[in-house]
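Work through the two exercises below with the model open. Each task is followed by a stepwise solution.

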Amino acid sequence: MKIAMANDHAGTRMKNEIKAYLESEGYEVVDFGTYDDTSCDLSDYVYPAALAVAKGECDRGIFVDGVGYGSALIANKIYGIYAAVCQDPFCAKLAREHTDSNVLCIGAKIIGDMMASEIVKTWLTTEPLMEEKYRRRVNKVKEINDKHCVPVK
Ligand SMILES: O=P(O)(O)OC[C@H]1O[C@@H](O)[C@H](O)[C@@H]1O
């Protein structure tokens, strides 16, 4: 599985921790930056990383900023991106089982490294539930995406 990663200055340290974990587990990581703690604008990094997922160049995305919502807000503007902010493994489990999210957003100012690691593990290893009600809900969100978002070329 190929994973796009992106972050701003608030997420660099945690992004590096997660990236090292992913690579040790055999995942391929494409790191869109930023690469240091210099203050920057999150969208400069999350936008291209989300595009890579939308285009199928990467299978999933994991983005880290201060609180997580900033990454999700940007990523969810892109056709085919379903980004969820997760602050614990239960949320990460449901973000896959119920929502079929393809981007995980984490807030480095909100949770610690151990929690982030458990969230990432859970999110990457949980599959969407096939129960009719969850499929129906996911499909309704996809219909909104198809109606209002422009496919990425
Ligand atoms: O460090 P500064 O620039 O004050 O704040 C940036 C963070 O605050 C929130 O908007 C985002 O989470 C972003 O990562």
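The model is predicted.

**Exercise 1. The largest pocket**

Task: Find the volume of the largest pocket, then state which elements and residue classes supply its lining.

Solution: 
1. Start with the volume. The largest pocket holds about 220 Å³.
2. Count the lining. It is made by 13 residues. Ile81, Tyr82, Ala83, Thr99 and Val141 lie nearest the centre of the pocket.
3. Assign elements. Strand E4 (83-85) and helix H6 (132-148) each give at least two lining residues. The largest share, five residues, comes from H6.
4. Sort by class. The lining has six nonpolar, four polar and three charged residues.

**Exercise 2. Helices H1 and H5**

Task: Describe how H1 packs on H5 by angle and axis distance, and name the residues that make the contact.

Solution: 
1. Packed helices are described by the angle between their axes and the distance between the axes.
2. Read them off. Helix H1 (residues 12-24) and helix H5 (residues 113-125) pack at about 45°, and their axes are 10 Å apart.
3. Classify the angle. Roughly parallel needs under 35 degrees, and roughly perpendicular runs from 65 to 115. H1 and H5 are therefore oblique to each other.
4. H1 passes H5 in a right-handed crossing.
5. List the contact. H1 contributes Arg13, Met14, Glu17, Ile18, Tyr21 and Leu22. H5 contributes Asp113, Ala116, Val120, Lys121 and Leu124.
6. Sort by class. The contact of H1 with H5 has seven nonpolar and four charged residues, with no polar ones.

Key. Residues are numbered from 1 along each chain as its sequence is written. This is a predicted model: local features need pLDDT of at least 70, side-chain atom pairs count only at pLDDT 80 or more; totals for chains, interfaces and linings use all residues. Side-chain values use heavy atoms; hydrogens and water are left out. Axes are lines fitted to C-alpha atoms, for helices over the stretch in contact, and angles run from 0 to 180 degrees between N-to-C directions. Helices (H or I, at least four residues) and strands (E, at least two) are DSSP runs, numbered from the N terminus. Angles under 35 degrees count as roughly parallel, over 145 as roughly antiparallel, 65 to 115 as roughly perpendicular and the rest as oblique. A crossing is left-handed if the near helix is turned anticlockwise from the far one by less than a right angle, and right-handed if clockwise. Contact means heavy atoms within 4.5 Å. Ala, Val, Leu, Ile, Met, Phe, Trp, Tyr, Cys and Pro count as nonpolar, Asp, Glu, Lys and Arg as charged, and the others, Gly among them, as polar. On a 1 Å grid over the protein atoms alone, a cavity is a set of points where a 1.4 Å probe fits but cannot get out, and a pocket is an open set with protein on both sides within 12 Å along at least five of seven lines; lining residues have an atom within 4 Å of a point. Grid points are joined across faces, edges and corners, and a volume is the space filled by probe spheres set on the points.
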